[in-house]
Amino acid sequence: MHVYVDGRFAGERLASRPRGDVGAVHRGYGPDHGFDTTVDVPAGRSTVCVYAINAGPGTANPLLRCTVVQSPTGNPFGSIDAVTSTGPGQVRVQGWAIDPDTVAPVRMHVYVDGVFTADVEASTWRPDVGAAFAGYGNNHGFDTTVAVAPGGRLVCVFALNAGPGTANTLLGCGQT
Ligand SMILES: [Ca+2]
């Protein structure tokens, strides 16, 4: 099989997986003629086409099907789970973030009373987030402690957009 994404060759696969139903209809060829595969597509809309490649006599590689798929895209999203004072001049911020365009960690900017204070990655183990957003993996948490001046502080966290998207997302703020 040859797979094309938006007209560009995206991979060669073998149709060799068990498909007893196919074998039952096309007797004499055996049961292993199925395929179930994954290919990378860009964010947004793509057309994915699959061709069966001729072996031996024959005149063409038949197009089996083309399908339009929509891959998630846009601004990052996530949550601030806790903003807590952990000692004099220290605030701990916990949460998670995902950018729908990538499985890579999202960069976070932490602001304290409106002043940029820290640049961290959301890359810690959060299997609950991974379970809720299949395909993005389990490493999208963050848990960071920033130094602040004593007293009550307003801590806000932005998730920075990666790839397509229009804005960095304010995940939330917490008051200590
Ligand atoms: Ca994005």
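In the predicted model, Ala147 has its place in strand S12. Ala147 is exposed, since 10 other C-beta atoms lie within 10 Å, and the cut-off for an exposed residue is 12 or fewer. When the neighbours within four places in sequence are left aside, Ala147 is in contact with Gly89 and Gln90. Ala147 and Pro88, although 59 residues apart in sequence, are separated by 8.9 Å in space, taken from C-alpha to C-alpha.

Strand S12 spans residues 139-147 and belongs to an open sheet of four strands, in which the order is S7-S8-S12-S11 and the pairing is antiparallel. The edges of this sheet are formed by S7 and by strand S11 (124-125), each of which pairs on one side only. Between S11 and S12 the pairing is antiparallel and extends over two bridges; Thr124 has Gly141 in S12 as its bridge partner.

A further open sheet, again described by four strands with antiparallel pairing, has the order S10-S9-S13-S14. Here S10 and strand S14 (169-175) stand at the edges with a single partner strand each, so that one side of each strand is left without a neighbour in the sheet. From one strand to the next, the twist of this sheet averages 20 degrees. Within the sheet, S9 and strand S10 (residues 115-122) run antiparallel and are joined by seven bridges. In general terms, the strands of a sheet pair through backbone hydrogen bonds, in either a parallel or an antiparallel sense.

The largest nonpolar core comprises 18 residues, and Val93, Ala97, Met108 and Val157 are those with the most contacts inside it. At least two residues of this core are supplied by each of strand S7 (77-87), strand S8 (90-98), strand S9 (106-112) and strand S13 (154-159), and the largest share, five residues, comes from S8.

At the level of the whole chain, the secondary structure comes to two helices and 14 strands. The chain has a radius of gyration of 24 Å, whereas a compact globule of 176 residues would have a value near 16 Å. Along the principal axes, the C-alpha atoms fill a box of roughly 80 × 30 × 20 Å. Of the 176 residues of the chain, 18% count as buried, a class that requires 20 or more other C-beta atoms within 10 Å. Among the contacts in the chain with a separation of 6 or more, 51% are accounted for by residues 24 or more positions apart.

Definitions and conventions
Residues numbered from 1 in each chain as written. Predicted model: local features only at pLDDT ≥ 70, side-chain atom pairs only at ≥ 80, totals over all residues. Core = buried A, V, L, I, M, F, W, Y, C linked by C-beta atoms within 7 Å. Pairing = 2+ DSSP bridges. Rg over C-alpha atoms; globule rule 2.2 N^0.38 Å. Contact = placed C-beta atoms within 7 Å. Axes fitted to C-alpha atoms, helices over the stretch in contact; angles between N-to-C directions.
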